[in-house]
Amino acid sequence: MTRIHRIFIANRGEIAVRIIRTCRALGIDTVLGVSEADRESLGAQLATRAVCLGPAPATASYLQVGTIIEAAKGTGCDAVHPGYGFLSENKALAEACADNGLIFIGPTPENLDAVGDKLTARAHALAAHVPVVPGGTVDSVDDALALAETIGFPMLIKAVSGGGGRGMKRVNSAEELPGQLDLAIAEATAAFGDGRVYLERFVTVGRHVEVQILSDGETILHAGERDCSVQRRYQKVVEEAPAPHLPEALRAGLLDAAIAYARHINYRSLGTVEFLVDVERAEFYFLEMNARVQVEHPVTEAITGLDLIALQIAIAEGQPLPMTQADIRLHGHAVECRLNAEDIANNFMPNAGRVTQVWFPSMPGLRVDTYLQPGAMIPPYYDSMVAKLITWGDTREAAIAVMQDALKVCVLDGVKTNIPLHAAIMDDPIFRAGGVDTTYLAGLLPTLTGEGQ
């Protein structure tokens, strides 16, 4: 076991601040790598030290493996925490850390290999006897049409190396297939440098449910599931835990399947196994495994009392998990709203700029993860998420009520945000009833913006 004394944080925004918070509690020094655009950020102020990685564009700073390694070594760090996004699931960074005597706070390079490619991840699911969505790979329109005869329409085209909805296209008929296939391949090539795609049956009424995994390489535990079905264009908007109105047999099957998958690939670290629940068939299918901490991890922390970042660091140090499955007890319900700097009336256009005033209330059951402070600049170069509101209550109704109150009184001036969207969701009887599917938000949006999903 190796004790970590100083961590290099290769990320920005709210997740950098989140990691710093736990490191402070553990007595671990932090060095934050920042771009020129983030020199004055809250994370840079809170870290023990901040160093500039390069110009504002992520390709010239946050995505430079060599620069991050040299900065970590030059500042006396013994570990690198990649957060989420950017290089968090990058095998080259994990290997470079190992080659330079640095601990990578994340899974092994072998784990990243197993889940980084959707086709490889799917093959591991099959080998672990975890259900997958009917589908397969295609190299041409003829292949795609032949596969369509087997799985039927509608179908979904997905990029093998994809994520965040890029390179993903729904196809409703054979006539649409050639054009949509070309578009998906072009998008995948532009976004990921990998034009490979595969086709899956499109589940018409589906819920996106994911399971939080903890593994020290020997013991594998779950910390319950999260429902992430409130999405816009395949991007999560609201998450909650546990998943409401999920049949207990289905819930148990999801949890068991997630552990089986993690065990099959000898997973170590935090991870999330994502599933699509087919509501009409009462079945679930493996989607992918995210080999990192998730944006929505706070809702799991709220219902378990765990500090997932602290556990992630301890696992990286080589410590065994300090609990058994029976020790992880779920209590109450938690909801998370992702606050984005975007103009919902203008096709959700990102709205960069300076924050003139920001205030979140201190109230029972509310947690706020953010990097904002009065005068902070929201740069145009990165993801538009600026804060997360997480509420907890003994019941789902209580957690939603706290969120409603928080959204009414929080202040975020100087830029446009999606707070009105979240307020509408929390007030909507369909959402409040629980168990919405991934098409839910498309039905609500026209009442707010005049656009669908």
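In which sense do β7 and strand β9 pair, and over how many bridges? Select β7 together with β9 (residues 197–201), and you will find that the two strands pair in the antiparallel sense over five bridges, where strands are DSSP runs of E with at least two residues, helices are runs of H or I with at least four, and both are numbered from the N terminus. Two strands count as paired if DSSP finds at least two bridges between them. Within this pair, Ala159 stands opposite Val197 in β9.

Before going further, note that this is a predicted model, in which local features need pLDDT of at least 70 and side-chain atom pairs count only at pLDDT 80 or more, while totals for chains, interfaces and linings use all residues. Residues are numbered from 1 along each chain as its sequence is written, and side-chain values use heavy atoms, with hydrogens and water left out.

Now widen the selection to the open sheet of four strands, which has the order β6-β9-β7-β8 with antiparallel pairing. Its edge strands, each pairing on one side only, are β6 (135–137) and β8 (169–171), and the twist averages 20° from one strand to the next.

Next, select Phe153 and Pro154, whose peptide bond is cis, with omega near 0°; Pro154 sits in the loop between α7 (141–151) and β7 (155–159). Another cis peptide bond joins Ala241 and Pro242, with omega about -5°, and Pro242 belongs to the loop between β12 (235–241) and α9 (248–264).

Move on to Arg233, in the loop between β11 (220–232) and β12, which has a positive phi of about 50° although it is not a glycine. Arg233 is partly exposed, with a relative accessible area of 40%, on a scale where buried means under 20%, exposed over 50% and partly exposed in between, using a 1.4 Å probe and protein chains only. Phe348, in the loop between β16 (342–343) and β17 (349–350), also has a positive phi, near 60°, but Phe348 counts as buried at 6% relative accessibility.

Finally, select helix α1 (residues 13–26) and helix α11 (residues 308–317), which pack at an angle of about 65° with their axes 9 Å apart, the axes being lines fitted to C-alpha atoms over the stretch in contact and the angles running from 0 to 180 degrees between N-to-C directions. The contact (heavy atoms within 4.5 Å) is made by Arg18, Ile19, Thr22, Cys23 and Leu26 of α1 and Leu308, Ile309, Ala310 and Ile313 of α11.
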